[in-house]
Every structure is written in structure tokens, then in C-alpha cells.
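Subject: Handover of the model and notes on its contents

Dear colleague,

Please find the model below, followed by my notes on what turned up when I went through it. I would be glad if you could read the notes with the structure open beside them.

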Amino acid sequence: MDKVQNNRAWFLVLPVLVLVAFSAVIPLMTVVNYSLQDTFGNNVFFWEGLGWFEDVLTSSRVHAAFGRQLAFSAIILAIQIPLGIAIALCMPKRGVWASVCLVLMALPLLIPWNVVGTIWQILGRTDIGLLGYALEGLGITWNYARNPVHAWITVVVMDVWHWTSLVALLAYAGLQSIPQAYYQAAKIDQASRWKVFRYIELPKMQGVLLIAILLRFMDSFMIYTEPFVVTGGGPGSSTSFLSIDLVKTALGQFDLGPAAAFSIMYFLVILLVSWVFYTVMTNLDKAEGR
Amino acid sequence: MSLVLDGVSKVYDGKTHIYPTDLTLERGTMNVLLGPTLSGKTTLMRLMAGLDAPATGRILWEDKDVTGMRVQDRKVAMVYQQFINYPSMTVYDNIASPLRLMGVSKAEIDTRVREAAELMKLVPFLDRRPLELSGGQQQRCALARALVKGAGLVLLDEPLANLDYKLREELRAEIPRIFEESGAIFVYATTEPEEALLLGGNVATMWEGRVTQFGPTPQVYRQPGDAVTARVFSDPPMNFTRIVKAGDRISFGEGQTAPAAGALADLADGTYQAGFRPDHLHLAAQGGDGLHFQCRLKVTEITGSETFLHLEHAGDHWVGLVHGVHELEFGAPIEVWLDAAHVYVFAEAGDLVAPASYATAA
Amino acid sequence: MAQITLDNLAHSYLRDPKADDDFALKQLDHVWKDGEAYALLGASGCGKSTLLNIISGLLVPSRGRVLFDDRDVTRQDTVQRNIAQVFQFPVVYDTMTVGDNLAFPLRNRGMDPAFIATQVQKIARMIGMEDVLHRKARGLTADAKQKISLGRGMVREDVNAILFDEPLTVIDPHMKWELRTQLKALHNEFGHTMIYVTHDQTEALTFADKVVVMHDGRVVQLGTPEELFETPEHTFVGYFIGSPGMNLIEAEVSGSTARCAGHEVPLGGAYKTLQGRVQIGIRPEFVTLAEGGDGLPVTIRRVEDVGRHQILRAEFAGTPVTAILPESMPVPAGADRLRFDPDRINVYVDDWRVTPLHPVADLRKEAV
């Protein structure tokens, strides 16, 4: 329903617009500016056109980072979404234990990124870390600093530990909103546990799961701090995800032009993928209703 | 004091929710919007309140154009189907809240709150919180809050729909009394014909975004202007059958004919829809210009004092409501009688051609 | 289908109930016949939902037993009892088609696909949804969804009972008619034992063979709609059934005459001396208006035209009295007396009906 028109409302939005301009639009324009020019320092710039974009698009290093990034996000989603749902299904629905579980589940979410990285970095070490030591005892020499597979497993496990709670909490909220009558009806219909999940719980959780997938995708696509703390993007460049690669380019090598072009494309990719995700999922919803 | 809707319409997402509507509601009247769900009752109320802006047309309040005015600046009170109160406040504070916003003095608030509570029988509960009250009391609290404002326009959107049957009956009997004491314009939306009749006043029957008829409630009930109004304002629904008039006889169903008596005598030859209410069907001849029909009895429902007959007549589904308890065999043929004075004749397109003669005589 | 026996049943939500008031459902002892339609009628909080939950197996009663035929099912769950239930709000599997929704309870029980197909067709025809069998249930209106729920409740033919928990709450008045008639027709056809919970007297009376009126955790009367109307066993039944409810007037009764505030009212039967609070009850349908002469002198407050009849609201010695007058009967200006049909008067002591010593002349069935 549209409301009675009142143009005074725009004045109330003004402060936010100013804030957004300073915090987002102006920095973004600076990046656009860098991405189209070259410099040899001393604030002397040359027009470069779309040259940097071409370089980035054809760079095999960027391609490799992009591939790693996609693989990482895909693995994360494939583990965290089902695991989160499973945890939510196992959590008690009410009573004291429900609150206890909620608090426990929320704990990992409260820890800052770099601390998470440090925790796992230490945990995985064979000399002082419990995990590394235990694996050593099992005959596996855990070395995420040398072995790319170990590095990947460490980073993935760390992310799963850190963020599955979010999916679980969202899924839990979705489950809690299902009226008891549905479960009673399903019982009377003699639906199996799987069918209850497939035809009641999953459809009712669809909305929150969409949000969970979007959040987890965007977040994992931009992951930086944790792998940087644990592996520094190594060994070699085996855990150099897009943002790590970007920072290496921009700060490590001071190639501001390519880094700017890179980050603009990075931004566009996230925007695009999120948009595709969102429209596909919501259209799916509408098409079913027809 | 009056509220005038002048060609008001509402379009939302390219779909017309309210077709251009003219309506004049006078000071001190009870006006019932009667129609099924989604017929546009709530939309029309939101337009009256100023919660929505109309697509076309003007809204006049006391002859002033208030079309663009915000709801906060109008003197409007609204009560909803859900019991909406401030849960953390006592009943007293709930009722007092609109007055506090208006900056009324403490002493004045106290007298007005107590008056409203007296009227709504809430005096013993003034210190309780809404959730400690029964549904009926909660809705009384919401009504008291609406009344205490002294608003010139009070909108009630199916206020009794969520209440138990008997509570509904009690509040329904009280609302006209409350309304008489307030002197405001009341607008009351309901889906139930019986409720409209009990409330009295005026009724606007609504169907698919249109006000099909507006007038004093008993008059609209007895003299509906078209078949749609008749159907909306009848519970159980009005029965219809196709009749063909030729000369001094009418034929209906499968080859049944009857003399064209009463109002039917004056009709031009042609095909019509005849409509009659369930309570005008009888199981025995009543004298007068009686029509009788051969039907098949599908089901009966007994209320204790009356019997509902679900009949099939030449493919039409009819309902009859007769006095007394009748144990009849399902699926059996049955004869029912109808006084021609109780028959409304509609053109095939739906407009009224001849009203039932009993209704115009009364 | 089964006969349901409620054997000394009582329920309290408290762990250690002592006083009568601790019980949400006070002791009751009933046998509900196989193949009959019962309605549990009462205001909210009267215990009708508690009773329904005990019958459906969602709640184990604090005392007593529930028997289906001769089988003790008190501690069995809903599935073991083999019953169907329709809830107040639609329960529909959104991602399934309408047809799959209806077929669901049958498929889960591994029935023959051909049988399922015919059964689904039959139910779909009954609820008027044959055209939308292949449409997804998501996005349908609440009406349509509730029809699916009703259909799913009735699709199995071998159930012991079908329970309905205020199933027409979300349905439009016009549609209520249709659905109720279909339910009734279905009951006639298949003879399921049906139990229908509602607070709406019209729904209860028209649907059920027997209506169980509940008040304050107690069954105050179990009877046919006719019995509830003609001889309410408790003043609550008189008040709750009928619209408006029964008139109740304080009286002293001796023999076959009642005295109300000094005015004599003839009764249809003779009574022994009554102790306690005595009232006479008369339905507004059996009250007639007169000008002078016999009857109670009243002040007329208002006349409401409700279409098919008029409701006259009057006052006698501070007690409101209502009468139902025929449609478009003019009310004479001098009318000031209300007369009661003696055979239709019931006498109550402390809210419970007392039977006269000589039975009232057989109530004419074809009344009026």
C-alpha cells in the first residue's frame, strides 16, 4: 500500500546519504580513479584506460585465485548448510537446554576473526598445539605451513567451526516458527521422519536458509583475516584467496592500478553472484506458487 | 458533520481494489460495510481513515477536502479484528494513552477514562494488564481506547470476528447502544449478514471492490437492487432459479409451470432469474399465490428449533429453512411451497426487475 | 470405525490435583456410539480442547481410561489409535500439489496406487478442487488450504474416528455452509464416527447427531439438538444454545404455578416443593406479545429487525426478557404483556433442571 505523499521525509534521509557518500561512494570513486591510471610515484598519473582491467582479466594468477576462491566458497556452503540444519534439528525446542544450546552456539560467532585465526594456528602446531600433537600421535604429521592439503583442511575446518553456528541459529529460528499442528498432522498422516523434514521443515526453513546461504557465500567469498593469520596464503599460493591476492598486489607490490581494477571486478562479481542467487531463489518460490 | 467519498478509487499493483465510489456518511449514523473477504471492506476503511491515498477522487470531512491529510491529523479511531492493546500498560493507561498524547489535563483524563470504562464494563479491571483479560474484555479495552478520543469517525474492522459466539452476541447488542451515546460516525465492517441486521443503521453491501447498494439496513435486506446484493445480504445464501415468462404462465425447472401470479403477472415475456430466501420456503402450502417445486432432498441439518433443507432442483442447489424439527429421508423426492409474494425477479444480467411484493407492502 | 468409551475420565494440568477446581476436565463417563457425529460445544476454556486431545492421544488423562470398542487406548499415541484430525488452521504441505497432499496419508501407508487415485478424485470432487489437483498448494487462499486439510482428514476410509478442531474458523460465512453440508453428506455416506469441537452453536447443532455441551470443565448436557433446545438440563445450556438464549426469571413454584415478582405464570406440569434458587426458563421462540390481560407486565426496550424475524427486548421487574416475533409483524403501540407457552417452560433449581411430577404433555414435534 502506498502512503500519502510527503516530501519532507527526504530531509530525514539526508544525513545517511552524506554518510554513505563519505564512507562508500567517495572511496569507491578513488578506486575507479586508480584503476584507470598509472603512476610512478610523486602523485604523477598517466591515463591507462581499461589496460589494467585487461591485465587482470588475462592474468593467470588472478584466474588461479578466483578458482581457489570458488572452490573454497563451494566447500564451505556444502558443509555448513547441511551441518547447520542438522545441528538445528538436534537442538532442544524448549526448556533450559534450549537456552544453554543457544548460548553455546552463539559463542564462536563472538570471537574476532584474527583471534579465530590465531587459535587455529596454534591448535594445528605439532609442538604446542593440541590438535597437531594429537594428529602426530596418530601418525599424521600435520603441517599446514608446508602441505597445501593440510593448509586447506585447516582453513576449511576453521571456517566451519567459526560460522556453522550462524546457519544453525537461523535454521533453528525457522524451525521454531513451525506450528505444532504440522507435526501432529504429519504424525496422523504417518509421515516418516524424512518426509517431515522434506515436506514440512525444509519448505518452512526455505526463507531463512536463503538468507544463510547468501550471508555465508558473501562472507566466505571475501575471507581474508583467518587464512592470512594461519597460512599467510601459503604454502606457495595454495590458500591465496582473492582478497589475499589482492592485498599482495596492492600493498606487497604497490601495483595500485591493477589492484584497483581487481577490486572493482571483485566487487562486481560478488554483487552479480548474490543477485543471481537471490533472484533464482525467489523466482523458484513464485514459480512454485503458480 | 459528514464524511463524503467523492469518486474515490484505489488501484494497487495495476489491479483495481476499489472502483470509483460515492458514499455520504452522516453524523451520528452506524454504517455497516457488508461483504465477503477480499470484497474491499478493509481497503475502503483505510481510504476513509487516510491510511492510504486514493488513486482518484476526493474525501471530504465536514465539507473540507482531507484527501491528502495524514491519518494523525484526522479525528479518526480504528479498532481491528486482532485485539490491539499496549501489553505492558494497565487497562487504565491503555484507555488513557490517546488522551495523554493529546495533552489533556490529568483530572479530565481520569473522568473520561472512567466514563469509557463504565460504558464498556471494564471498571473492575482498570488495574490489570490486557493479557490478563479474556478476549472479550481485551476487545472492550481496544474499543474504549477508540471511543475515549472523541473521534468523529470510528472505524471497526470486523472487531468481533475473533471472539466466541456468545461473547459476540453480547458485544453486538452493546455496540449500537455505545454508538448512540457517542454521536460519531461509525463504520463497521463484517462478513456476516446477521451481524449487519443486528447492528441496524445503514448498510453498504460490497462485492469485488464495488459498493453495490447503500441504504437503511432493513430496506437493503428486503429490497436489494440486484442479484449480487441479494446474494451478499443473505445467510444462508439466497436461492436462485431461471424462470421463463410466457403469457400468463411461468415455467421453471424441467417442464414445470405455474400461473404467473402476483408481481409475476406484470412482467414482460422473457427469461429471468427468480430469487427467494431460504426461510420463505415451506413444507406445506401456505395459502396465497403458492408456487410449488419438486426437489430432491440431499441433507437436512437440525438446529433444535429449525431444520435446514439442502435441496436440489433442476440442477440448482437450494437451501430451505423451516420451523420445527423434521426427520426426513435423505435422497428422497420432496415438495416445497413458496409464496409468490416472496419472490424477487432479476434480469439475467442481475438487475432487479420486480421486488418481492411482501417487502414493498411492509 | 469404533465406539468410543470414556471411562471415569478426568484431567488436571497440575501434578497433584486436589480440589475440584484443579481439574481442567472434571470426571465424565460416556459411551459415544459407533458411526455417530458428536459436537463438543462450549466457550473457550471450557475443557473441550482438553477432551479432544485426550481422545486424539495427544494428552494422557490424569484419571480414567479411553476405550476404542473394547481396546484400551489410553496410553496409545495418535497413530496407533488410527484416527484422522483436522486442525483449526490449515495444515498443508506447501511444496506438494493439491493431489499429492490428498494422497499423502494413503501413500505413507503403502496403499495401492489405483485405489489412491480413485480416492483422491472422489475427495477432490467433494471439496470442489478437481480443477486444481496439479497445482502447488503454496499460494492458495486460506479457504482452499483448509479444504485440503479437510480432504486429507477424510481420504482414509478405515479410520476409527475423525476429529475436527474448530475447522471452519478461517472460512468465509458463505463457504461455511457449503463445507458443513459436504461434511454432513459425507457422514451420511460413510458413517464415520466424527467428533467436532466448536464454540459456534449453529455449527454444532447442524453438524452433530449428539451435542456435548461443556461448561467449566464439565459436560452439562449430552443430547440431540432438539433436546438441547427443548429441555436444557442446565441454565448454561439454555443460555448458550439459541440466539438469543433462554429467558430466566426468578420464581417461586408451587404445584403447577410459578410466581414471578407477584405475578402468576401457569406451568405445563406439577412440581414438588423446591428448595434453593428457583428459576423458570422459557425460550424467546415461545414468548408471545399481547396487549393487557394475562401474562407478565413488561416494559418494551427495543425491537430489532434481523431479517427473517424480529427480536423484542423487554424488561420485567429488572430482568431482561426477549421474544422472537415473526418477520414484518407490527408491534402494537399498547403492547405490554408477554405470555409464555406453559408446556415450554422449564424449571431450574440452583441452575439444574427439575423434572415435573406429571410429565409435560408430549412435546409436539411439528411445533409452530
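Buried area, as used below, is the accessible area (1.4 Å probe) that two parts lose on being put together, summed over both. Please keep in mind that this is a predicted model, in which local features need pLDDT of at least 70 and side-chain atom pairs count only at pLDDT 80 or more, whereas totals for chains, interfaces and linings use all residues. Residues are numbered from 1 along each chain as its sequence is written, chains are lettered from A and ligands numbered from 1 in the order in which they are written, and side-chain values use heavy atoms, with hydrogens and water left out.

**Chain A and chain C**

Between chain A and chain C the buried area comes to about 2100 Å², with carbon and sulfur atoms giving 55% of it. Counting contact as heavy atoms within 4.5 Å, 21 residues of chain A and 24 residues of chain C take part. There are two salt bridges between these chains, a salt bridge being a side-chain nitrogen of Lys or Arg within 4 Å of a carboxyl oxygen of Asp or Glu. One salt bridge joins A:Lys204 to C:Asp94, where the closest N and O atoms are 3.5 Å apart.

Eight residue pairs, both residues at pLDDT 80 or more, are in polar contact across the interface of chain A and chain C. A polar contact here is a pair of N or O atoms within 3.5 Å; within protein, one must be able to donate a hydrogen and the other to accept it, and residues adjacent in sequence count only if both atoms are side-chain atoms. On the side of chain A that touches chain C, at least two residues each come from helix H8 (180–188), helix H9 (193–221) and helix H12 (256–289) of chain A; helices (H or I, at least four residues) and strands (E, at least two) are DSSP runs, numbered from the N terminus. That side of chain A is made up of nine nonpolar, four polar and eight charged residues, where Ala, Val, Leu, Ile, Met, Phe, Trp, Tyr, Cys and Pro count as nonpolar, Asp, Glu, Lys and Arg as charged, and the others, Gly among them, as polar.

**Chain C and chain B**

Here 42 residues of chain C are in contact with 47 residues of chain B, and the area buried between the two chains is about 3600 Å², of which 53% is given by carbon and sulfur atoms. C:His174, C:Trp177 and C:Arg308 supply 19% of the area that chain C buries against chain B, more than any other three residues. C:Arg308 also forms a salt bridge with B:Glu306 (2.8 Å, N to O), and the count between chain C and chain B is four salt bridges.

Across this interface eleven residue pairs, both at pLDDT 80 or more, are in polar contact. Several elements of chain C supply at least two residues each to the side that touches chain B, among them helix H6 (173–190) and strand E17 (299–305); the largest share, eight residues, comes from H6(C). By class, that side of chain C has 14 nonpolar, 14 polar and 14 charged residues.

**Within chain B and chain C**

Residues 3–233 of chain B are 37% helix and 27% strand, with the end C-alpha atoms 24 Å apart, while residues 4–241 of chain C are 37% helix and 23% strand, with the end C-alpha atoms 25 Å apart.

In chain B, four strands form an open, antiparallel sheet in the order E2-E1-E4-E5, two strands being paired if DSSP finds at least two bridges between them. Strand E2 (15–26) and strand E5 (64–65) of chain B stand at the edges with a single partner strand each, so one side of each is left without a neighbour in the sheet. Strand E1 (residues 2–12) of chain B pairs with E2(B) over eight bridges in the antiparallel sense, and B:Val11 stands opposite B:Thr16 in E2(B).

In chain C, strand E12 (residues 252–260) and strand E13 (residues 263–271) pair in the antiparallel sense over five bridges, and they form a hairpin with two residues between them, where C:Ala261 in the turn has a positive phi of about 45°.

With kind regards
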